[in-house]
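Student: I would like to go through this structure and ask what stands behind each term used for it.
Tutor: Go ahead.

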Amino acid sequence: MKLDSRIPSGPLEEKWTRRKNGVSLVSPANKKKSTIIVVGTGLAGASAAASLGELGYTVKAFTYHDSARRAHSIAAQGGINAAKNYQNDGDSVYRLFYETLKGGDFRARESNVYRLAEVSNNIIDQCVAQGVPFARDYDGHLANRSFGGAQVSRTFYARGQTGQQLLLGAYSALAKNVGAGTVQMFNRKEMVDVVVIDGRARGIVVRDLVTGELETHAGEAVLLCTGGYSNVFYLSTNAKNCNVSANWRAYKRGAGFANPCYTQIHPTCIPVAGDYQSKLTLMSESLRNDGRVWVPIRAGDNRSPDQIPVAERDYYLERIYPSYGNLAPRDISSRAAKRMCDEGRGVGPGGRGVFLDLGDSIKRLGKNVIEERYGNLIEMYERITGEDPYSVPMRIYPAVHYTMGGLWVDYDLMSSLPGLFVLGEANFSDHGANRLGASALMQGLADGYFVIPTTIGDYIANSKLPKVTVDRPEFTEARQSSAAFVQKLLAVKGHRSVDSFHKALGLILWEHCGMGRTKESLTTAIQKVRALRDEFWADVRVTGDAADLNQELEKAARVADYFEMGEVMCRDALLREESCGGHFREEHQTEDGEAKRDDENFCHAAVWEYAGPGKEAIRNVEPLAFEVVHLAQRSYK
Amino acid sequence: MKLTLHIWRQKARSNKGGFQLYTLADVSEHMSFLEMLDVLNEELVVKGEEPVHFEHDCREGICGCCGAVVNGEPHGPKSGTTLCQLHMRHFHDNDEIWIEPFRSKAFPILKDLIVDRGAFDRIIQVGGFIAVRTGSAPDANGITVSKESSDLAMDAAECIGCGACVASCPNGSASLFVSAKLSHLGLLPQGQPERLKRALAMIRTAEAEGFGYCSNYGECEAVCPKRIGIHHIARANCDFHKASFMVYQGTGGKAAVG
């Protein structure tokens, strides 16, 4: 697999400008003739489709939802980072770049991260102009809050619904283009395959989720904006329909899959309550601005929290990481919570929880201030748990939240399959081995609004792309193989539900490839996943028909992909003999239990290449070169 | 707890639907309403029957996918709560629960509890936006917005587009949905240039999609999971009437100023 990152030459801070100045442009007449297929309409997809439609391309946008406004970006709570330095607290593009790169434990591409920080300011401008109602100070200027891993206040937010407001902004831009006829919108259509002609992505196959019909669409380029794969663990904070299938089918058509083992476990989620649990709910990291995390000092202390005097509490994040305190990065905070619970000091049923206590802030600021800042989150917690966080500390525990791994892309966001571009969480590029809070929204919108509109033109202008139609045999082949896959699932007619397999798979991965991983656990996981996959194909029961609205069938196809993906994820974790960010190999830790990188042997992205059915995937490597920053042991102490 | 469920089953838009009876023997009070349906569906699948189809995604009350009428109330008995956030602790042992889709002329049923809310998208497409080209925005702090206006706009912007307002309205009106968007954009300085044109276009499109008029029943406000108030409808009507008298009667930019 050829992995040319195509990083522009020149000093770091000039690379993006040089790239922009150097790209070939497409004439207005030729833009109209070029069809761009956009799959997924979350922050990355909606912003890309709207911007490309505006530029004059013929854009077809696809979502499996009933509306583009439902994408999972909508659930992001806390905020979006930008290097505006409106607080005059010393922020700059360089600082945002450096903290993002450091937060990712130096496993991201320097040039991409710098570009992200550079365009972050444009994003805020764009969103405000669209009418995104960001929080404001009394003087009418934009307000900021702090987030984990940063010592400046650079996060913009709209109550606890920042993702919703940003998505509705991008959705409105998309809707405007749909209304104007510059984007054609396809709702309730799920991508099931990428069509490759002469080595380039030239179209897709989609399944109409209402009629079950398989349709084909041809174009000059395909953009996957299809999110992450956290749901491979079954229980995660992701929406139920989030899946890896679009990315996985693209992988099987030649796109490399990078760093699948980089998964983010978010420290502040509501703990699991029972085995019927269908998903986990995040409590925004922003709560750590005003909430103090603690457990009892004594193991097995079952007293109710108000009965435990301050002297018998361990505010462990403040103790271990005094300079960042409760705002230590996510991977570090999550592992610390796990350690406390492993020591028997966890709280709540089953002992898998720690307190997030707003009590001191309520005393200091008053209940009304806390309510204004976090009211909707507190209400959500109360609805789910039946407990009142204004009087009883919340209980939280880490949960799978985000995946830094994804399809490999070059500097222009093109995958190793020419013509296939990957944006947002679906790609691997910007967060290394750990993503800092409020950076996902930034990346999705950076890719969609500001990167792809520039880079796609260069591909269209410089590639020989003879017009293709869906009559080509490659389209027929892809449609037929998709139909065969559906029939294969329906034909098993076994005894167990899709969900029961998904839950079992999730449990294997959470136990063996979750917050702590070892050679032994990963080897076991691979064997268990393979065995369960065989059982799935022998005993799954998919009710209903192919030619119908059939949610069991939708789930079954996604779970089938998770079985393959989960194995590659474990192999990636097994072969990365170091700890970095969210990937914690217990064999590789410092004396005080922090992640210990091995820069000599693993300062690279591992890119997995599909080798054919039944064959083991091939591991390729893109070395990471750091021209400006000095690789350091991360310290938040 | 033990529950008796009457659930609306309908294979497709063209098929006739009806209530079907199910019983669940062991429901935990900590389950969400949708998790209770998951448990029922697990039982159905194992028996080889088709599960009850319902739309859902984030299960955090923000995506707007879920919703059903539970015992006559859209999203069920707890106010300010989507169906996914409704927990079974609000029900009792031996309760009988009737579950049916959001019904409205403009929301055709696709299957079981799933309806087609595409009309909402089409309303937004005619004006539910502030037109700004990517990359052409001025510095964000160049536009100041009073905290009061910003907070009011945010109150309206919280709408999740679930359609409960329509399902609850005897007229099948989408006025709360439409007015929430008009308020959100119309309260901000950025939204002023298109304000009247937007009101006219969105309200007329809602009418064309088959939604009814508002006659102040106030049911929408009572069931809205985001507690969006009907004062937004008053503001929208005000803009609509102003626009009707003043401008934008025609299309294609040939506005006659009266």
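**Contacts, domains and core**

Tutor: In this predicted model, the contact between the chains takes 63 residues from chain A and 70 residues from chain B.

Student: What makes a residue count in the contact between chain A and chain B?
Tutor: Two residues are in contact if their C-beta atoms, placed from the backbone, lie within 7 Å. By that cut-off, 63 residues of chain A and 70 residues of chain B take part.

Student: Which elements of chain A give two or more residues to the side that touches chain B?
Tutor: They are α3 (43-55), α5 (110-130), α6 (162-180), α11 (367-385), α12 (440-462) and α16 (551-575) of chain A. The largest share, 9 residues, comes from α6(A).

Student: Which domains does the assignment give for chain A?
Tutor: The assignment gives domain 1 (267-400) and domain 2 (473-623). The C-alpha centres of these two domains of chain A lie 31 Å apart.

Student: How do you know that domain 1 of chain A touches domain 2 of chain A?
Tutor: The test is C-beta atoms within 7 Å, and 6 residues of domain 1 of chain A meet it with 5 residues of domain 2 of chain A. On the domain 1 side, helix α9 (residues 330-342) of chain A gives the largest share, 5 residues. By class, this side of domain 1 of chain A has 1 nonpolar, 1 polar and 4 charged residues.

Student: Why is the set around Val38(A) called a nonpolar core?
Tutor: The term requires buried residues of the listed nonpolar types, joined through C-beta atoms within 7 Å. The largest such set has 280 residues, and Val38(A) is among those with the most contacts inside it, as are Val39(A) and Leu174(A).

Student: What makes a residue of chain B count as buried?
Tutor: A buried residue has 20 or more other C-beta atoms within 10 Å of its own. Of the 258 residues in chain B, 52% are buried. The secondary structure of chain B comes to 8 helices and 7 strands.

How values were computed: Residues numbered from 1 in each chain as written. Chains lettered and ligands numbered in written order. Predicted model: local features only at pLDDT ≥ 70, side-chain atom pairs only at ≥ 80, totals over all residues. Domains from an automatic or database assignment. Helix = DSSP H or I, 4+ residues; strand = E, 2+ residues; numbered from the N terminus. Nonpolar A, V, L, I, M, F, W, Y, C, P; charged D, E, K, R; others polar. Buried ≥ 20, exposed ≤ 12 C-beta atoms within 10 Å, placed from the backbone.
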